[in-house]
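Subject: Handing over a structure, with notes

Hello,

Here is the structure I promised to pass on.

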Amino acid sequence: MSKNITIAAVVALAMTTAGCTTTGDGGMSGGMKPPSAEARAMAEKLTFAEKGFVQDQPMQEGGTGRDRLTQDETQKICTDVALSGKPIDDATASKVRALAKASIKYPSGGIKLGDWEKGRVLAWSGFGFRTAHKPDNHKKREPGATCYNCHQLATDRTGGTIGPSLTNYGKIRGSSDEILKYAYDMIYNPNVTFPCTNMPRFGANGVLTEQQIADVMAYLFDPNSLVNK
Amino acid sequence: MAKSIKMRASLRGDETTVKALITHAMETGLRKGKDGNKIPAHHITEVTCEHAGKTVMVAQWGPAVSKNPYLAFKFKGAKAGDAVKLSWVDNKGESDSSEAKIK
Amino acid sequence: MNVDNKRRLLLRGTLGVGALAGAGLLAPRGVLAAWSKEAFSADSTEGAMKTLLGGTASASDAVSIKAPDIAENGAVVPITVETAAANVESISVFISNNPSPLAANFVLGAGASGYAATRVKMGKTSDVVAVVKSGGTLQSATKEVKVTIGGCGG
Amino acid sequence: MLKKILLAIPAAMFAVSVQAAEPSDSPYEVLTELLSKNKDDLYLNQSQQNLMIMPDDPALFTAEEGEALFKEKRGPKNASLEGCDFGKGPGVLKGAYVEMPRYFADTDKVMTFESRLVHCMVTLQGFDKKDKQVKKRHGSGSDMMKLTTYIAMQSNGMPWNPRMDHPKEKALRDAGEVLFYRRSGPMDFNCATCHGQEGKRIRASVLPYINNPAEWTKAVSWPATRVGQNNVRSTFHRVRGCLYQMRYPNLKQGSETATALVSFWTDAARGQPAILPDTKR
């Protein structure tokens with residue numbers, strides 16, 4: 001009983017400080033007219049038009065441009081939510097959460113913290129998976145976690161504000177199993193907590209490896225990390 | 001080589017304003033190239049402006065002046081239609097000059 | 001004209017500057033010395049100022065610097081210096097925290113107004129010091145420019 | 001017009017030293033007017049530095065070079081571009097840029113400004129699309145950017161007003177809207193990830209919000225000098241940069257897909273004054 005209360009409190013704190021609601025992010029504003037079926041059909045046609053995006057362009061993860069443009073279930077649902085001009089409804093939110101939950105794989109030995117200094121480098125690197133006119137070469141440099149674009153992370157450098165500030169992340173929350181799992185899930189697939197969030201699914205989409213996630217988590221939780229100084 | 005100097009001289013009242021942009025790398029000598037070696041300093045050292053046979057201004061620059069440098073200054077004693085000449089020289093001895101009519 | 005300037009003029013006359021050989025006389029105000037490697041490589045504002053101008057300047061309302069309070073791009077910081085002083089001989093710009101503070105020295109001839117504008121590189125947050133030389137005195141103004149990191153969005 | 005703007009620059013830069021400026025419509029003045037109406041807007045007011053550079057934006061010189069190129073007889077057909085119809089009749093430049101993209105009967109297509117310029121260089125001047133005059137699209141030194149900057153400048157201060165008279169114009173705009181919100185790729189990004197909320201920053205840069213036309217006009221006011229890149233950049237260069245960061249595959253210039261995106265984003269700035277050329281970070 002007391003443990004359940006603790007978990008609830010930790011999650012509530014995490015959610016409050018995340019500054020998010022369960023509203024889908026990155027959508028049309030309320031009151032705007034959702035696009036017609038014709039517009040949606042044309043957009044699909046244009047997305048996969050041979051003369052538009054380079055469909056056969058090779059991607060770093062293997063596969064082609066066409067694969068990158070092909071939506072999975074979560075992306076389809078979240079596009080619908082974005083185009084609706086309304087907050088995500090409960091049924092859709094549950095569906096997205098369920099998809100997210102099914103996607104999350106945990107390390108065999110449990111969630112562990114890696115090297116915070118490596119995590120810092122990853123958190124501040126925007127390199128990786130960019131293609132378009134100038135593809136990132138993953139053989140020359142390890143892809144990063146791009147955290148800084150959206151989050152304030154520590155006080156030593158300026159970060160973005162699309163996501164909530166993560167300064168003092170571990171100092172505020174401690175490092176109980178519950179909060180570690182919460183943070184792991186947020187990085188692996190944040191839709192489990194915030195359906196149709198702006199935040200990428202770093203684990204589920206294969207952007208970060210298990211080790212990289214451990215390092216980024218160390219950057220957030222390690223008492224010696226600049227995040228907590 | 002395309003002209004490295006873009007300049008304009010405009011008269012307002014009795015004062016002529018000269019504005020110029022010069023195409024130049026302005027390498028500091030501190031930057032490293034792709035091969036890991038330092039790129040040698042290469043920057044304009046002097047820009048001279050002449051009007052009616054007299055030097056109006058000489059700008060002496062170090063490598064801290066921005067790439068593709070901009071400069072502006074003002075002087076009196078010229079009239080519309082007069083020619084203003086601007087020339088530069090860099091630390092490698094390269095140079096260029098250009099003339100504009102005061103408008 | 002002080003001795004120091006005479007010496008430099010002489011230097012210039014001796015060494016010459018090929019590309020500028022056609023330049024007219026810079027009379028009667030600003031005295032043109034050869035480009036000073038010593039001043040441009042001095043590692044302090046004070047040192048550079050002494051080498052270039054033969055002394056240090058005192059702060060004055062007669063000099064104004066226009067520069068951004070915050071520069072999100074340190075590679076292109078616009079600086080404009082204006083002065084109400086008469087008979088301005090030169091306007092110099094120093095970026096105190098650059099490895100070599102002296103950035104530019106505008107030597108003005110007869111008829112030139114007390115005005116100079118350029119754009120400079122700043123490695124980090126720094127004071128920008130503008131020194132105006134006129135009537136044998138050195139007057140200055142100082143303005144801090146905070147250099148921040150730009151966005152990554154491209 | 002160009003001369004008038006350039007003459008007005010000293011006045012705009014130092015109000016102290018000059019009395020009343022003559023009537024002028026420099027991009028700097030269009031922007032400062034917009035700022036005066038949106039004093040607290042974080043996006044619009046984020047760069048004092050760029051505002052100080054703007055009166056002497058290198059793009060103004062680029063435009064001047066563009067004017068000479070526009071009037072010069074060039075190409076295998078030895079023709080100038082003065083016969084090019086940008087939608088308001090051959091040679092009519094004033095206001096043409098802010099009405100793009102638009103439908104052209106002669107090609108039966110909705111065209112962006114860029115596609116139309118290429119069309120004229122090919123049909124009127126006889127250039128091949130592979131000639132460097134047409135092929136080189138980026139950088140202040142390219143003919144395309146010089147011409148684009150000059151022609152765009154003839155619409156400075158005028159309200160964005162992409163045509164929606166032809167069904168194809170509306171259809172592409174609507175499809176572009178869907179593309180703006182369509183999420184895909186390894187990061188699940190859509191355009192609204194960054195441009196769907198007001199006052200948010202990516203690292204240190206405040207992002208423009210798609211549903212705030214006063215912000216959006218600055219967002220879509222290209223060509224603009226990218227101060228950090230030392231070059232004048234185009235609309236397509238901006239779109240490409242976004243798609244690159246979004247981890248999307250390369251988008252072909254002049255494609256209908258690109259036109260759809262540009263139609264929607266231009267429409268989102270409708271009614272607000274175009275700042276041409278603009279100065280950006």
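Let me start in chain D, where P223(D) is found in the loop between α10 (213-220) and β5 (224-226); helices (H or I, at least four residues) and strands (E, at least two) are DSSP runs, numbered from the N terminus. The peptide bond that joins W222(D) and P223(D) is cis, with omega at about 5°.

Before going further, a word on the ground rules. This is a predicted model, in which local features need pLDDT of at least 70 and side-chain atom pairs count only at pLDDT 80 or more, while totals for chains, interfaces and linings use all residues. Residues are numbered from 1 along each chain as its sequence is written, chains are lettered from A and ligands numbered from 1 in the order in which they are written, and side-chain values use heavy atoms, with hydrogens and water left out.

**Backbone details**

Another cis peptide bond joins M100(D) and P101(D), with omega at about -5°. P101(D) sits in the loop between α4 and β1 (102-104) of chain D. In chain A, look at A132(A): it is not a glycine, yet its phi is positive, at about 35°. You will find A132(A) in the loop between α6 (116-123) and α7 (169-173) of chain A.

**The sheet of chain D**

β5(D) and β6(D) run antiparallel and are joined by three bridges, and R226(D) stands opposite N231(D) in β6(D).

Chain B has zero helices and seven strands. Taken along the principal axes, its C-alpha atoms fill a box of roughly 50 × 25 × 20 Å.

Chains B and C both contribute to an open, antiparallel sheet of six strands, in the order β1(B)-β2(B)-β5(B)-β7(C)-β4(C)-β2(C). β1 (5-12) of chain B and β2 (63-66) of chain C stand at the edges with a single partner strand each, so one side of each is left without a neighbour in the sheet. Neighbouring strands of this sheet are turned by 15° against each other on average, direction ignored. Helix α4 (residues 58-71) of chain D packs on the sheet, touching β1 and β2 of chain B as well as β7 (112-120) of chain C, and its direction makes about 100° with that of β1(B); contact means heavy atoms within 4.5 Å.

At the chain B end, eight bridges join β1(B) to the antiparallel strand β2 (residues 15-22). R12(B) has E15(B) as its bridge partner in β2(B). These two strands form a hairpin with two residues between them, and G13(B) in the turn has a positive phi of about 65°.

**Where chains D and A meet**

This contact takes 44 residues from chain D and 59 residues from chain A. About 4,600 Å² is buried between them, 58% of it given by carbon and sulfur atoms; buried area is the accessible area (1.4 Å probe) that two parts lose on being put together, summed over both. R182(D), R183(D) and Y244(D) supply 18% of the area that chain D buries against chain A, more than any other three residues.

**A cavity**

The structure holds seven cavities of 30 Å³ or more. A cavity is a set of points, on a 1 Å grid over the protein atoms alone, where a 1.4 Å probe fits but cannot get out, and lining residues have an atom within 4 Å of a point. Grid points are joined across faces, edges and corners, and a volume is the space filled by probe spheres set on the points. The second largest cavity has about 80 Å³ of space. Residues from chains A and D line it, among them T47(A), F53(A), R182(D) and Y248(D).

Technical notes: Two strands pair if DSSP finds at least two bridges between them. Axes are lines fitted to C-alpha atoms, for helices over the stretch in contact, and angles run from 0 to 180 degrees between N-to-C directions. On a 1 Å grid over the protein atoms alone, a cavity is a set of points where a 1.4 Å probe fits but cannot get out, and a pocket is an open set with protein on both sides within 12 Å along at least five of seven lines; lining residues have an atom within 4 Å of a point.
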